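Student: Hey, can we go through this protein together? I'm new to reading structures.
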Amino acid sequence: MSRRTLVFVACSPHPRSGVSTTARLLTDFYLSRLADVEGFDTDPHAPRYHELFPDRTQVIDIADIRGQISLFDRLLVDDGVPKIVDVWQRSYDRFFKTVKEIGFVEEAHLRGVEPIVLFHVDPSETALASAQSLSASWRDLPMVVVQNEGAAPLGAYAHETLGHYPSTRRFVIGPLDGAVAKTLEQPDVSLSRLLVAPPPEMSIVIRAALKAWIAPIFTQFHSFELRRRLEGAQFLK
């Protein structure tokens with residue numbers, strides 16, 4: 001295949017950093033373009049990501065060897081279908097320990113698969129240390145820092161904080177008004193369908209606010225995908 005299969009690993013060592021929100025948005029980004037996409041939720045106790053996309057995601061217990069086989073063997077398939085992994089904070093250490101033990105990153109590159117870490121930042125020193133550790137372990141593993149201003153705001157020193165992270169690429173997810181955020185929590189609200197055919201019973205104010213929130217996020221995803229495609233084309237020459 002001329003294009004590498006992308007595997008997005010949305011992660012953070014801490015809770016309430018917006019990991020599942022990013023997994024959801026990225027999934028809806030592909031669905032809004034009528035593209036196939038496959039997801040994995042590593043929270044076996046409260047799999048929120050899976051509940052939103054039950055037909056497109058699997059629940060994986062990363063602490064179980066069968067779960068590891070189901071996840072990593074599938075992630076190594078170069079079929080052109082983007083894969084999205086929602087790494088629960090309690091699965092974070094086990095996930096990356098397994099990645100190292102099985103040589104996943106190296107094997108992925110041999111098979112035409114490109115893993116990309118979507119690391120969710122927060123103001124803590126431990127989050128920064130975790131990102132730096134990942135970067136040091138896999139120098140050729142692309143990392144995008146995700147700044148979710150609603151889940152984990154960085155405050156007045158955001159620029160300084162982000163400057164310490166080992167990545168020059170960033171996704172920014174803006175905050176939502178409380179009433180709009182509550183609508184987003186409803187499991188039957190599909191962001192991909194909202195862009196095409198919003199439900200008639202939805203308030204026009206809520207609808208406009210959600211569209212205004214989604215648009216710049218999807219633009220960032222699209223720009224990133226185009227950039228990776230161009231870089232991949234240059235690599236193949």
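Tutor: Let's start with the model itself, then look at the sheet.
Tutor: This is a predicted model, where local features need pLDDT of at least 70, side-chain atom pairs count only at pLDDT 80 or more, and totals for chains, interfaces and linings use all residues. Residues are numbered from 1 along each chain as its sequence is written, and side-chain values use heavy atoms, with hydrogens and water left out.

Student: What's the mean pLDDT of the chain?
Tutor: The mean is 91, and 97% of the residues reach 70 or more; pLDDT is the predictor's confidence in each residue, from 0 to 100.

Student: Okay, the sheet. How many strands form it?
Tutor: Seven, in the order β3-β2-β4-β1-β5-β6-β7, with parallel pairing in an open sheet. Strands are DSSP runs of E, at least two residues, and helices are runs of H or I, at least four, numbered from the N terminus. Two strands pair if DSSP finds at least two bridges between them.

Student: Which ones are the edge strands?
Tutor: β3 (57-59) and β7 (170-173), since each pairs on one side only.

Student: And how many bridges join β5 to β6?
Tutor: Four bridges link β5 (residues 113-120) with β6 (residues 143-148). Across that pair, Val-117 stands opposite Met-143 in β6.

Student: Which helix packs on the sheet there, touching β5 and β6?
Tutor: That's α6 (residues 125-137), and its direction makes about 165° with that of β5. Contact means heavy atoms within 4.5 Å; axes are lines fitted to C-alpha atoms, for helices over the stretch in contact, and angles run from 0 to 180 degrees between N-to-C directions.
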